[in-house]
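User: Hi! Could you walk me through this one? I'd like to go over a few spots together.

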Amino acid sequence: MTSLRSNTLSRWPTDELLCWVLRGTATIAGTIVLLIVVFLIVEALPALYHVGLPRFFTDPSWHPADGLYNLTPMLWGTLFAMTGSVLIATPLGILSAVFCHYYAPPTLARPYRRLIELLAGIPSVVYGFWGLVVLVPLIAEIQPPGPSLLAGILILTIMILPTITLMADASLANVPQQYLRGAAALGLPRWATIQSVVFPAAKSGLCTGVILETGRAIGETMAILMVCGNVVQIPSSIFDPIRTLTANIALEMAYALGDHRAALFVSGLVLMAMIVALVLAAEWISRGRVYG
Amino acid sequence: MAETLSRSQNPREWLAFALVWGSAALVTATFCWLLGDIVWHGLSHVSWTFLTAPPENAGRRGGIGPILVSTSLILGVCLAVSLPIGIGTAVLLAEFTSDQSLFGRMTRRSLDVLAGVPSIVFGLFGNAFFCKTLGLGFSILSGGLTLACMVLPILIRSTEEGFRAVPASYRLSAAALGLSRTTTLVHLLLPAAVPGLLVGLVLGVGRAIAETAALIFTSGYVDRMPESLLDSGRALSIHIFDLSMNVSGGDANAYASTLVLVIMLLAINGTASWLATYGLHRKVVTV
Amino acid sequence: MTPVEPITGPRVRHPLEERPACPASQPIVEVDRLSLYYGGKPAFQDVTLSINKGCITALVGPSGCGKTSFLTCLNRLTDLIAGCRVSGRITIDALDVLAPGINVIQLRRRIGMIFQKPNPFPLTIRRNLEFPLREHGLRGREQIARIIETTLRDVGLWDEVKDRLDSPALALSGGQQQRLCIARALALLPEVLLMDEPCSALDPLSSGVVEDLIVGLRERYTVLIVTHNLAQARRIADYAALFWVQNGAGRLIETGAAKQIFEEPRDPLTAAYVSGMRG
């Protein structure tokens, strides 16, 4: 709320000092992202130089030991897992938020919200572990082998559900009360009100929520790594094992050397690009809400 | 009356009603299943010996003593670095820059992106920067520093919220009395912003403890008792991962470790929401 | 919970004629063609005004005509508002207030300000007074204690709070809080006191107590008070200045001795306003 420039405090040395210290810390905090991008690029350069960008998509397979670097199966893996989980989690999350606001009695809404917050705080490795020991054997009974795209989608769904629910909850809370009163005065029933008044009014918040959950789904590593089987292939059914970009990094980073290591940093760059695109999209949407 | 009328007229209302309650029930059931499973299988293995003893036979037997020590050391490094930077940045953003200034906008945007960066990418960065470039190797220090980068956005955001919740009249009356900004900050704003700061701290700790992917190739796998910050140390979450994926027959101890981790996080989240409510409550009472 | 403030009984006011005259007109604040813009939009324009030492000057007028903004220029609180631009010239005792290089901290020490809503810090009563004093370099424990007692006596709060100086200031009643804020400003020995509707957020009883206190400050301090309450301005002011919105910006319409403004206004707008027909 205050602007530094207009304030003349040159006679107060502690203020000057404080200002410079604060600017220093903020500069550190602000440059971390740049640093991350720079390091990803620097480490990825050997691969981009020796292998070249097209070969990451045209090589016959991913066999880094033989100099083959096809990332496409992993990209598809990430994309399938992400799409599946977002498709399930979005309606579930939005309905959960609707439940909190318009259906549940207050004695139920509050504990339900707390429960969602708790879900948000549970570490991915715990979800992964649970998926591994509970979900995977169940899926194996239906259709072996068990570790599969389906297991990944289900675990991811549970993981990103709190993100969309909390976002949707917040944006439903921001819907002006007079809209609801207006709808009630017209004698609209509950769901009709929600569908035709609440959702349009909360649209941008809901969209931001979807974008955030998508980001989380793309970036998730441990749980996916534990339940997806990690076979490099383009799946032909949801019971096939897959490997995502993130899992690939986590699995191979420990022993990767040279171009192989650099190739993993290339996939890191790809992930980073996706996230930046999503953040920009989210910002664009929320700006639309502010000025539109 | 009106409601029953429209419901009976409109099957869509009924469907929506069923769907909404159904999804809430589904989510609750899943949560109970997950938590119940962990508590059921884990509880019998958790004991004082388990918490203090070193792991044996790759973790199949023994406890998690050294792992808890490594986890807290990593957390300590993370907080020691991220707290000063985080608070400083939050103060600058909330009190010393206008929302329109270029510096403020750039910092804010870069923090937004930072908040979205996947943890595995933090791992790659930490490995390349702290382990390789700075030569810290696989160590508790590298892991803690990597986590510090990761929790900064959370810490900054909620500390900033805390400062913005301080009534503007404090600043005006302090300025009208001719107090310097340093004094205003230290004596008036900082104490008033403490609830927000604590919430940020607790949320940051929660995220740091939960983290696995960023630590695999920064702090490493070694499950011995660390002797210095430059030793590799295994965090609790990595221990769970390793036991369940790489050690056959490690499930019992993996369950117990998971239970310990979940209890820690539930306690942390509980503290955060208690602080948030308590902080708000106090504000209402005093102003 | 909080003790009831002493009731002063039906207050008898001096009619305008009988009021002790303030010292011979000797300007201490000179404002020359002052304008203030928020992000390019004018709050008030071209205000030229001089304030006499030791007198109470009331700024009256409808809301939104820039009276409060005018006050904040005098102690440069405008610095704290982003996108705010001030032009013109203000001198206080030959000090050029708007000059870029002046010591704002010193300036604000010399010019106290009281806000509409009482705003004591969330500290104890004693710390509220002691903390600004220490900040301005006063160290002696006894000296500080003496100043605290004197200023609290000055605002008539001493007998009410002397036994609980270490209890939270926010536990005081609204009127007590406002008097504490006045004491806090007086402790720094300001030359000019700016008051932004100091009574409007208080109940009638506390409002009366604070008003009496303000009258008691005449001669020792120069008081500039913004008020919506015409009756109050009539009761306490030596001089009055009427602000009005014209062409989307606040302007100074008329200024002069309070008696003249209220009884023989020259400007028709002033006449309409003081008679209650407009504003």
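Analyst: Happy to! One term before we start: a polar contact is a pair of N or O atoms within 3.5 Å; within protein, one must be able to donate a hydrogen and the other to accept it, and residues adjacent in sequence count only if both atoms are side-chain atoms. Please keep in mind that this is a predicted model.

User: Good. Which backbone oxygen lies 3.0 Å from a polar atom of the side chain of Asn127(B)?

Analyst: That is the backbone oxygen of Phe217(B). The side chain of Asn127(B) also makes a polar contact of 2.9 Å with the side chain of Arg261(A).

User: And where is Asn127(B), and is it buried or exposed?

Analyst: Asn127(B) sits in helix H6 of chain B, residues 119-133. It counts as buried, because its relative accessibility is 7% and the cut-off for buried is under 20%.

User: What else is Asn127(B) in contact with, leaving aside its neighbours within four places in sequence?

Analyst: From chain A, Asn127(B) is in contact with Met253(A) and Arg261(A). From chain B, the partners are Lys132(B), Phe138(B), Phe217(B) and Thr218(B).

User: Let's zoom out to chains A and B. How many residues are in contact there?

Analyst: On the chain A side there are 81 residues, in contact with 83 residues of chain B. The area buried between the two chains is about 7,200 Å², and carbon and sulfur atoms give 77% of that area.

User: How many salt bridges and polar pairs are found across the interface of chain A and chain B?

Analyst: The rule finds 2 salt bridges across that interface, along with 9 residue pairs in polar contact, counting pairs with both residues at pLDDT 80 or more. One salt bridge joins the side chains of Glu43(A) and Lys132(B), at 3.0 Å from N to O. Lys132(B) is also one of the residues in contact with Asn127(B).

User: Which element of chain A gives the largest share of the side that touches chain B?

Analyst: Helix H1 of chain A, residues 13-50, with 19 residues. By class, the side of chain A that touches chain B has 58 nonpolar, 14 polar and 9 charged residues.

User: Nice. What does chain A look like overall?

Analyst: Chain A has 12 helices and 2 strands. Along the sequence the pattern reads α-α-β-β-α-α-α-α-α-α-α-α-α-α. Its C-alpha atoms fill a box of roughly 70 × 70 × 30 Å along the principal axes. Of the 292 residues in chain A, 56% are buried. Among contacts in chain A with a separation of 6 or more, 72% are between residues 24 or more positions apart.

User: Last topic: how many disulfides does a search of the whole structure find?

Analyst: The search finds 0 disulfides over all chains. Take Cys149(B): the closest cysteine sulfur, in Cys78(B), is 9.1 Å away, so the two are too far apart for a bond. Cys65(C) is in no disulfide either, and its nearest cysteine sulfur, that of Cys73(C), is 13 Å away.

User: How buried are Cys149(B) and Cys65(C)?

Analyst: Cys149(B) is buried with a relative accessible area of 7%, and Cys65(C) is buried at 0%.

Notes. Residues numbered from 1 in each chain as written. Chains lettered and ligands numbered in written order. Heavy atoms only, no water. Helix = DSSP H or I, 4+ residues; strand = E, 2+ residues; numbered from the N terminus. Buried < 20%, exposed > 50% of the residue type's maximum accessible area, 1.4 Å probe, protein only. Contact = heavy atoms within 4.5 Å. Buried area = accessible area lost by both parts, 1.4 Å probe. Salt bridge = Lys/Arg side-chain N within 4 Å of Asp/Glu carboxyl O. Nonpolar A, V, L, I, M, F, W, Y, C, P; charged D, E, K, R; others polar. Disulfide = S-S within 2.5 Å.
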